[in-house]
Amino acid sequence: MERDLNSSVVLPPRLIPTLVAGFNVVASHVYLILFPVLLDMFFWFGPLVRIKSLVQPAFEDTIRRMAEVYPADTLTLMEASKEVITQFLEHFNLLFTLRTFPVGIPSLMISIAPLNNPLGDLRVIEMANAGQTWMVIMVCLAVGLCLGCLFFSLVAKVVTDKKLAWNLKTYFSQLKNTFLLSLLLLGLTIFLSLPVILLISFLVSFLPSLGSILMLIVGVFLIWLLLPMIFGVHGIFMGQPDALKSLRNSMQLVRRFLPGTGLFLLVAVLLSQGLDMLWATPTSDNWMSLVGIFGHGFISTGVLAASFVYFFKGMEYMQEKIRRDSAKVELPVQNGN
């Protein structure tokens with residue numbers, strides 16, 4: 001934690017020092033990048049589990065039925081969407097559900113969706129029925145959540161410099177709270193977005209040109225509404241006793257440091273997503289993709305560590321400010337740099 005040498009005052013989190021601290025943590029504990037690296041290697045050299053033969057016939061049958069009802073100009077749009085869906089089904093790997101949200105291991109190969117690797121084409125496994133498909137999805141989600149919680153827990157531990165005790169009891173408590181928080185956020189998102197989507201569908205049926213504008217407005221509204229909860233998962237791995245308290249702390253932290261938090265998140269997203277475009281440049285059948293996998297592993301882990309540093313320092317500053325406010329001692333304000 002940064003302190004003024006003369007007054008020993010706790011300073012609020014700042015952008016550049018926070019990012020540097022996050023990447024320094026990863027450089028000192030480089031084993032952490034093995035989580036995203038190994039997951040990407042699995043997606044690259046593992047099997048391609050598809051639902052194409054299961055979904056495509058039903059989709060094409062739906063298109064044929066719609067063609068009998070809708071006018072000819074709509075048929076062109078349907079054919080275009082058919083090509084997009086077919087391409088998606090060709091590349092989509094059911095094992096991608098190992099990448100869980102909001103807690104999970106980041107992956108580069110999900111954005112690439114490879115069909116081959118330097119050793120040849122991936123081994124394709126087609127799902128036979130819906131029951132088998134759902135079983136694979138549930139198993140992957142469970143495994144992905146467990147591995148994601150382990151990844152987040154280890155990152156949080158090294159960020160706090162071993163101030164957090166780690167054992168199986170702690171891990172299972174974090175896993176339980178993460179599962180509850182994921183359900184809460186999913187339910188909240190559905191509750192907020194479903195009525196709005198229905199309203200948009202109704203309006204678009206009369207004014208189709210407004211569709212993209214309305215979806216953009218809804219997206220901005222959801223981001224604005226869910227932004228204060230962005231650090232909800234961080235509290236769980238920083239010793240918070242339950243998911244609800246972690247969400248409350250996240251909202252308090254973001255409300256106090258909103259300009260600085262927005263800037264930090266913007267830079268983190270641009271850094272991560274911008275470099276992902278670079279890492280994804282080699283084709284999947286080129287060994288140079290290894291460079292992208294390791295580069296993505298380091299950057300994504302560093303950004304995650306920086307977010308834990310930001311939360312850790314922000315919570316310390318907030319607690320110190322509350323304590324000093326009661327003693328009428330003023331702390332320096334955040335400048336967002």
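1. Let's start with a word you'll need: a residue is buried when its relative accessible area is under 20%, exposed when it is over 50%, and partly exposed in between, using a 1.4 Å probe and protein chains only. Thr18 is buried because its relative accessible area is 0%.

2. A quick heads-up: this is a predicted model, where local features need pLDDT of at least 70, side-chain atom pairs count only at pLDDT 80 or more, and totals for chains, interfaces and linings use all residues. Residues are numbered from 1 along each chain as its sequence is written, and side-chain values use heavy atoms, with hydrogens and water left out.

3. Now the overall picture. You'll find 12 helices and four strands here, taken from DSSP runs (helices: H or I, at least four residues; strands: E, at least two) and numbered from the N terminus. Of the 337 residues in the protein, 42% are buried.

4. Back to Thr18, which sits in helix α1 (residues 15–28). Its side chain reaches the backbone oxygen of Arg14 at 2.5 Å. Leaving out residues up to four places away in sequence, Thr18 touches Pro13, Phe264, Ala306, Val309 and Tyr310, where a contact means heavy atoms within 4.5 Å.

5. And what about contacts across the chain? Among contacts in the protein with a separation of 6 or more, 79% join residues 24 or more positions apart.

Definitions and conventions: A polar contact is a pair of N or O atoms within 3.5 Å; within protein, one must be able to donate a hydrogen and the other to accept it, and residues adjacent in sequence count only if both atoms are side-chain atoms.
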